[in-house]
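Student: I have a protein chain to go through. Could we take it by question and answer?

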Amino acid sequence: MATHDIPKVSSSAEEYLLTLYRLETSGERAGSSQLAKMFGVKAPSVTGMLRRLSERGWVRYQRYRPPELTEEGRRVAVYLIRRHRLLETFLVRFLDYSWDEVHDEVQMLEHTVSDRLLHRIDHKLGQPSYDPHGDPIPDEHGNMPDHTLVPLTRLEEGSAGQVGRVDNRSRHLLSVIGEIGAYPGASVTRLRGTNNGKLSVRVDRREMQIDGEVARLIWVKPNTNSLGSTVGAI
Ligand SMILES: [Zn+2]
């Protein structure tokens, strides 16, 4: 299905769709009181929003049951992800934004971008499959590129791989990851030995010790010889 006929979505509705999508793809579900806690709002405002989303046919929602995205709701969420990630890619590649400042900028920008502009950006970029953080960009039919990644903390000692994506939830840690050079595409080896929660790693040619907190945000595509042993741990 094409992504162009997406109707206007308010930014708070967007936040709900994206959150539900994220929960769903990680195999979790949250009821309205958990959602209220996540968004820092009161329960009635969550139920009000869920009711509006269900009227639009995007969410299946019954009282006392965790809400679920409908097929259509999922399609809208995937479109929103595509728009966000394409804009981030554009800002980094053409406007020299650093990858830790781009997210906030895109959050301000994304609600006003037309489909026509997005289409042009996609083509200018050569229809990329990954954003600067290495997150997959759904194509215009809503298909996600495939990949099998594990957090660096789950890579076995002695195994190597390539950085596939970096979790961008902390701006501070993102700049640490930038300093050690663990950008998507960098090769990384988990060396033997862990002490005080620090992992020994080699990123490209540099050996170093990094905090587990940082390593958990670095997602690695293990080299094929080590894939068999790590894939079960996902
Ligand atoms: Zn972002």
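The questions below go from the whole chain to single residues.

Tutor: This is a predicted model, in which local features need pLDDT of at least 70, side-chain atom pairs count only at pLDDT 80 or more, and totals for chains, interfaces and linings use all residues. Residues are numbered from 1 along each chain as its sequence is written, and side-chain values use heavy atoms, with hydrogens and water left out.

Student: How many helices and strands are there in the chain?

Tutor: Helices (H or I, at least four residues) and strands (E, at least two) are DSSP runs, numbered from the N terminus. Counted this way, the chain has 9 helices and 8 strands.

Student: What is the radius of gyration of the chain, against that of a compact globule?

Tutor: The radius is taken over C-alpha atoms, and the globule rule is 2.2 Å times the number of residues to the power 0.38. For 234 residues the rule gives a value near 17 Å, so the chain agrees with it at 19 Å.

Student: What percentage of the residues count as buried?

Tutor: Buried means under 20% relative accessible area, exposed over 50%, and partly exposed in between (1.4 Å probe, protein chains only). Of the 234 residues, the buried share is 44%.

Student: Among contacts with a separation of 6 or more, what percentage comes from residues 24 or more positions apart?

Tutor: A contact means heavy atoms within 4.5 Å. Among the contacts with a separation of 6 or more, residues 24 or more positions apart account for 64%.

Student: How far apart do the centres of the positive and negative side chains lie?

Tutor: Lys and Arg count as positive and Asp and Glu as negative, while His and the chain ends are not counted. Each charge is placed at NZ of Lys, CZ of Arg, CG of Asp or CD of Glu. There are 32 positive and 31 negative side chains, and the two centres are separated by 4 Å.

Student: Which residues coordinate the zinc ion?

Tutor: Donors are N, O and S atoms within 2.8 Å of the metal (3.2 Å for Na, K and Ca); water is not among the atoms, so sites may look incomplete. The donors follow the spacing H-x3-E-x14-H along the chain. At 1.9 to 2.1 Å from the zinc ion, they are His84 (NE2), Glu88 (OE) and His103 (ND1).

Student: Which helices hold His84 and His103?

Tutor: The pair links distant parts of the chain, 19 residues apart. His84 is in helix H4 (residues 71-95), and His103 is in helix H5 (residues 102-109).

Student: Is His84 buried or exposed?

Tutor: The relative accessibility of His84 is 13%. His103, by contrast, has 28% and therefore counts as partly exposed. His84 counts as buried.

Student: Which residues does Asp167 touch, leaving out those up to four places away in sequence?

Tutor: Asp167 lies in the loop between strand E4 (160-166) and helix H7 (171-180). Asp167 counts as buried because its relative accessibility is 10%. The residues touched are Leu174, Leu217 and Trp219.

Student: How far apart in space are Val76 and Gly142, C-alpha to C-alpha?

Tutor: Val76 lies in helix H4 and is buried, at 0% relative accessibility. In sequence, Val76 and Gly142 are 66 residues apart. In space, their C-alpha atoms are separated by 9.2 Å.

Student: Is Asp96 buried or exposed?

Tutor: Asp96 is found in the loop between H4 and H5, and has a positive phi of about 60° although it is not a glycine. With a relative accessible area of 66%, Asp96 is exposed.
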